[in-house]
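I opened the model today to look up charged side chains. My notes follow.

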Amino acid sequence: MSERRLPEPKIRDEFRRELRARLMREAAVTLVPKRRETAWTSWLRPAFAAGLAALVLIVGTGAAAANSLPGDATYGLKRAIEEVRVALIFDDVERVRVLAEIADQRLGELDKVASRDDKAPTASDEYAQAVARFRAAVDALQQAAPEDKSELAQDVADAAREKHEFILEQLRNRLSEKAKEAVDRATEEEQRDTPQNVKDKDKQDEKDKGEGQGTPGNPNASPRGNERTNAPRTSPPGRRP
């Protein structure tokens, strides 16, 4: 009796491709050498995690600080963020504009707490300090910068003064006497002449003075010259008229 031979097993091409792909994936994970843990990496990992947690905390706290008012726990962080913003500005005119915006924010905070005796005096003092710092930056720029930048700074100062005066007219009746003291200081600071205003007044005075010395027909003529022109003519000595 002859033995019946079974057919030789044959692996299907589809199964072979799937098996090869699986082995390659496993090899990519298994054969990669593991990095050896060192003292530096063991310290760096928790430090990175702590820094990430601190960043998340700062971002969350910063969002809360943006709406904080004088006397709040997060108000100091709000001021610190403003200082960083000012420090990163290298253009003098832009720095003046940012300081004007900060003074606007201080006035807005004062408007929110005007009727609160526990916060209004602090808010008014913060506003006065912001105005003084803003006007000092305007003065420094006008004394050292070219005329074009000086005029731009003066435009910012004039616009800020008009805006603040309008708001304070509506706000003053709600302020306590203690809060009004700081507001009055800020108002006097904004109403004083800047170096640019002084220069403009001097130029105008010189112009008015020069026009006053002339005559309508000849503005550059002097009174002494007019006297000579209008004086009666006399005949030279030795000649008869």
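Predicted model: local features only at pLDDT ≥ 70, side-chain atom pairs only at ≥ 80, totals over all residues.

**Entry 1: Arg135**

I began with the side chain of Arg135, which reaches the backbone oxygen of Arg192 at 3.2 Å.

Residues are numbered from 1 along each chain as its sequence is written, and side-chain values use heavy atoms, with hydrogens and water left out.

Where does Arg135 sit? I found Arg135 in helix H5 (residues 120-144). Helices are DSSP runs (H or I, at least four residues), numbered from the N terminus.

I then listed its contacts (heavy atoms within 4.5 Å). Leaving out residues up to four places away in sequence, Arg135 touches Glu189, Glu190, Gln191, Arg192, Asp193 and Thr194.

Arg135 is buried but has no salt bridge. Its nearest side chain of opposite charge is Asp139, 4.6 Å away. Buried means under 20% relative accessible area, exposed over 50%, and partly exposed in between (1.4 Å probe, protein chains only). A salt bridge needs a side-chain nitrogen of Lys or Arg within 4 Å of a carboxyl oxygen of Asp or Glu. For charge, Lys and Arg are positive, Asp and Glu negative; His and the chain ends are not counted.

**Entry 2: Salt bridges**

How many salt bridges did I get by this rule? The count is 19.

I checked Glu94 and Arg97, whose side chains form a salt bridge at 3.6 Å, N to O. Both lie in helix H4 (residues 92-112), three residues apart, about one turn of the helix. Glu94 is partly exposed at 34%, and Arg97 is partly exposed at 35%.

Are Arg106 and Glu109 buried or exposed? Arg106 is buried at 1%, and Glu109 is buried at 4%. Their side chains meet in a salt bridge of 3.0 Å, N to O.

**Entry 3: Across helices**

Asp125 and Arg185 pair in a salt bridge of 3.1 Å, N to O. Asp125 lies in helix H5 and Arg185 in helix H7 (residues 177-191), so the pair ties together parts 60 residues apart in sequence. I then found one network: salt bridges with shared partners join Lys78, Arg79, Glu82, Arg106, Glu109 and Glu126.

How values were computed:
Helix = DSSP H or I, 4+ residues; strand = E, 2+ residues; numbered from the N terminus. Polar contact = N/O pair within 3.5 Å; in protein donor to acceptor, adjacent residues only side chain to side chain.
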